[in-house]
Amino acid sequence: MIFGATGDLAIRKLFPSLYRLFERGRLKKFAVIGVARRPLTNDGFQKSVKDSVINALGDKENIDEFISYFYYHSHDVTDSSSYVALRNLANQIDENYNLEGNRIFYLAMAPEFFGPIALHLKSDGLTEVKGFKRLVIEKPFGKSLESAKELNQQIRTAFSEEEVYRIDHYLGKEMVRNIEVIRFANAIFEPLWNNRYISNIQITSSEILGVEERGRYYETSGALRDMVQNHMMQMVALLAMEPPIRLTTDEVRSEKVRVFRSLRRVESNEINDYFVRGQYGAGTVTDEQVPEYRAEPMVDKESNTETFVAGKIMIDNFRWAGVPFYIRTGKRMTTKSTKIVVQFKDIPMNLYYQPEKKVNPNLLVIHIQPEEGITLHLNAKKAGGHLDAQEVKLSFANTGIQAMNTPEGYEKLLYDCLRGDATNFTHWDEVAYSWAFVDKISDVWENTKSVNFPNYVSGTTGPKAADELLEKDGFFWWPVKNLEVDICK
Ligand code: NAP
């Protein structure tokens with residue numbers, strides 16, 4: 001059952017992902033009920049599903065068979081009286097398709113509806129099934145620890161923690177899932193993966209786009225809640241966690257939670273030493289003049305909302321003491337790119353150092369998107385000449401056959417949910433710890449207006465203060481340009 005079945009997420013991601021599962025034979029006994037307010041017939045709804053699949057994946061021979069499994073129920077989720085009709089339809093379909101009472105509820109809707117829907121699903125008997133019941137819930141999960149707790153309480157009246165699948169679509173990305181494999185399946189990395197050999201880790205997730213039509217939502221969120229609390233913190237946890245004793249959901253999640261528990265508490269008066277906020281001004285992006293954030297639709301003319309965050313996260317445990325994890329995310333930056341750079345410490349004595357030819361530190365770069373791959377930066381002898389060292393890059397690109405078959409994040413997550421594997425969804429404890437961390441920052445920022453907004457020009461790498469954050473520790477952000485390699489273009 002997809003709530004919000006006429007919305008952007010359903011059309012752009014969910015229907016094509018379901019089709020791919022169907023095409024691969026991973027969806028056999030199923031039916032989908034789309035729920036939204038606008039009046040639509042089943043035929044009209046099936047046509048929109050067909051268009052969405054064809055737009056995303058091109059013409060498909062068996063598309064008519066696929067859409068025959070889709071039904072539509074026009075329903076305002078705030079109207080208590082219409083859940084009974086939805087329950088009757090679901091029971092009927094369950095019987096017709098012999099679904100054994102297994103039911104997944106996907107909430108692809110604005111977050112204010114999550115709690116009320118969950119309560120109604122229970123009170124109107126939609127969760128009374130003899131098979132499994134699961135709730136898939138989109139971000140944002142609350143907008144602070146307080147509101148997330150309230151939402152969680154409402155959800156938990158109808159679903160147990162094991163039945164709740166909180167989506168963080170970064171956890172569906174091929175290279176984010178690869179972090180664990182790179183770390184735990186390679187004897188050359190695991191012994192080095194600690195504060196003796198790693199000097200710092202940098203995670204950058206930048207966008208070229210501005211806020212577009214999402215001004216209303218973004219004004220209540222900002223980059224901190226939209227990107228840091230979930231995606232960036234999840235990547236930090238995967239990079240920093242201890243090897244789990246098994247790759248089971250509980251073991252992996254509990255190691256991630258231990259990372260969140262080790263995050264250094266930053267007191268209110270220190271926030272601005274550890275975190276930098278930015279808001280884009282007007283500028284030129286891909287040869288086009290673009291407006292400042294405050295001139296975007298549905299944005300306050302004096303908005304205090306950050307469109308950029310850079311931060312230094314310290315993990316106070318044996319493995320990571322003293323190693324900064326720098327994170328950076330923003331809109332209207334130079335490139336669309338998500339990369340992780342693991343910078344290793346310098347060798348004890350550099351035989352090859354000459355002032356004008358500095359030997360580079362070793363870097364392991366994980367390219368998350370849009371290119372997918374890994375690059376290892378080493379030093380090797382320059383061909384011919386003397387024993388001069390030069391940087392070489394060993395690269396693996398997830399292109400060609402592998403990439404053609406790389407399922408979209410949503411397809412993988414939907415498949416995980418169908419199989420009952422919640423490893424790549426966020427547990428309540430992870431959500432709670434990361435909100436507690438982020439709340440400290442937003443409390444300070446919301447109560448102190450940033451006088452210098454806008455403080456970076458669109459089409460740049462963000463405010464100067466973000467560079468200074470690293471400079472004061474003796475580091476710098478590795479420029480994305482230097483990290484690109486031919487096969488990753
Ligand atoms: P959207 O395009 O605004 O769609 C909202 C859907 O909810 C529509 O189908 C709308 O249909 C339905 N709806 C609204 N009020 C309703 C009501 N009272 N009763 C029943 N249905 C109602 O939103 P979206 O972009 O798809 O986003 C959905 C959720 O996914 C949000 O939580 C968002 O933060 C999250 N998300 C979206 C994306 C993305 O790529 N779009 C990415 C990550 C997360 P009617 O108007 O016909 O009722």
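Select helix H1 (residues 8-23), which contributes the most to the shell around the ligand, with 3 residues. Helices (H or I, at least four residues) and strands (E, at least two) are DSSP runs, numbered from the N terminus. This is a predicted model, in which local features need pLDDT of at least 70, side-chain atom pairs count only at pLDDT 80 or more, and totals for chains, interfaces and linings use all residues. Residues are numbered from 1 along each chain as its sequence is written, and side-chain values use heavy atoms, with hydrogens and water left out.

Next, display the ligand and its surroundings. The ligand is surrounded by 22 residues, and the closest are Thr6, Asp8, Arg12, Arg38 and Met109; a residue counts as near if one of its heavy atoms lies within 4 Å. By class, this shell has 11 nonpolar, 4 polar and 7 charged residues.

Then select Thr6: one of its polar side-chain atoms lies 2.7 Å from an oxygen atom of the ligand. At Gly4, a backbone N or O atom lies 3.3 Å from an oxygen atom of the ligand. At Val77, a backbone N or O atom lies 2.9 Å from a nitrogen atom of the ligand. Of the 890 Å² of accessible area that the ligand has on its own, the protein covers 78% (Shrake-Rupley method, 1.4 Å probe).

Finally, select Leu387, in the loop between strand E15 (373-381) and strand E16 (389-397). Leu387 counts as exposed because its relative accessibility is 57% (exposed means over 50%).

Note on methods: Buried means under 20% relative accessible area, exposed over 50%, partly exposed in between (1.4 Å probe, protein chains only). A polar contact is a pair of N or O atoms within 3.5 Å; within protein, one must be able to donate a hydrogen and the other to accept it, and residues adjacent in sequence count only if both atoms are side-chain atoms. Ala, Val, Leu, Ile, Met, Phe, Trp, Tyr, Cys and Pro count as nonpolar, Asp, Glu, Lys and Arg as charged, and the others, Gly among them, as polar.
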